[in-house]
Amino acid sequence: MDDQMTSQNFISQKREGCVKIRKSPSFPLYQRATKGGFGSVLTALLILSGPAVAFAASGDNAFTPTNIFVPFSTPAHAIYQNASLVLTICAAIFLVVGGLLAYSIFRFRRRPEHENLEPPQVYGSNQIELAWTVIPILIVIVITLATTRTIYDVQGALPPPGTVNVTVVGHQWWWEIRYPDLGIVTANELHVPVTESGNRRPTFLKLESADVAHSFWVPQLAGKTDLIPNRRNQMWIEPTQPGTYVGNCAEYCGLQHARMLLRVVAHAPNDFQNWVAAQKQPPVDDPQLRAGRDAFFSTSCINCHVIKGTRANGQFGPDLTHLMSRETIGAGVVPNTAENLRHAVK
């Protein structure tokens, strides 16, 4: 009897609360907006369409140079496949949960005939609770196994014959790129051969930092790897198409962090050998470049930069020897004015 009286008191209190809400100034507006469940359905549609709108808005940037969904390297392709699997599973979960939510909002919306009725009280379901426990566990296991396999394939790869070894040193704010087997040093540009059918030519990178933490990232070729002071990390790339791939430092490293850009130039095997041969040539004394060269050597730039075979023997700035190679001059890349040379040095 006491339980029955308590239940009646609870229901009467709820009804009094509902009457107070209906008398509030804002309730008529809410009632008109949700009449027939239209507002609830509209809200659900907005929730469900949000990610789709965001994805469509990014469609114009689908093929930008920094898009991880357009891989051109073996490790980048492995990362892309794993990311696609995870996104597909998440999209399926989103559609199922969002669909059930929209159905529930529409099916069990407030109706006039339910004005004075107490909704049915449901206390759990063993089948439902078992399903929403087992299914997420299976999903997590699948994602974990796929991710573990991808990590092993990328980080556990061994260098095959023909591998190009490169040491990348991060500075504030530029990249020093050394080819220890070739005796070449460049700055901010990594030149590598591409892998062709039956002729693998991956490039294995040893990553070091001369000052603070940096992060080496060329999205279309591989994932991010940090450069930590007093520690050597490793990664590898294996471009499958010739071209220029854009990257940058992905770790804030100081005031000029935004200018710490990176380019990877992938050559066909024969073109890469020609580039190596051109880099080993001594600086060229071209009269057309003399004005810019004189301007360079007359400033304090030589205290930081190095050009092999000249009195520029700095230790802090990028090695500019490659700007004086025969190949670069033949391609018309080396500036022939003092102003352009200063721009190149920057």
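Predicted model: local features only at pLDDT ≥ 70, side-chain atom pairs only at ≥ 80, totals over all residues.
The largest nonpolar core holds 29 residues, of which Trp175, Leu190 and Phe216 touch the most other members. At least two residues of this core come from each of the strands β1 (164-171), β2 (174-179), β4 (189-193), β5 (203-209), β8 (233-237), β9 (243-249) and β10 (261-267), and likewise from helix α6 (269-279). Leaving aside residues up to four places away in sequence, Phe216 touches a set of residues that includes Val168, Trp175, Leu190, Leu205, Leu207, Met235 and Leu262, as well as Lys224 and Asn248.

Helix α4 (residues 74-107) and helix α5 (residues 126-155) have axes that come within 9 Å and cross at roughly 170°, which means that α4 is roughly antiparallel to α5. Among the residues making this contact are Ile79, Leu85, Val86 and Ile89 of α4 and Ile139, Val142, Ile143 and Val154 of α5. The residues of the contact of α4 with α5 divide into twelve nonpolar, three polar and no charged.

| Pair | N to O distance |
|---|---|
| Glu176 and Arg178 | 2.9 Å |
| Arg263 and Glu189 | 2.0 Å |
| Glu238 and Arg200 | 2.8 Å |

Arg263 lies in strand β10 and Glu189 in strand β4, so this pair ties together parts that are 74 residues apart in sequence. Glu238, in the loop between β8 and β9, and Arg200, in the loop between β4 and β5, are 38 residues apart. Glu238 is buried, with a relative accessible area of 2%, whereas Arg200, at 41% relative accessibility, counts as partly exposed.

How values were computed. Residues numbered from 1 in each chain as written. Heavy atoms only, no water. Core = buried A, V, L, I, M, F, W, Y, C linked by side-chain atoms within 4.5 Å. Buried < 20%, exposed > 50% of the residue type's maximum accessible area, 1.4 Å probe, protein only. Helix = DSSP H or I, 4+ residues; strand = E, 2+ residues; numbered from the N terminus. Contact = heavy atoms within 4.5 Å. Axes fitted to C-alpha atoms, helices over the stretch in contact; angles between N-to-C directions. Parallel < 35°, antiparallel > 145°, perpendicular 65-115°, else oblique. Nonpolar A, V, L, I, M, F, W, Y, C, P; charged D, E, K, R; others polar. Salt bridge = Lys/Arg side-chain N within 4 Å of Asp/Glu carboxyl O.
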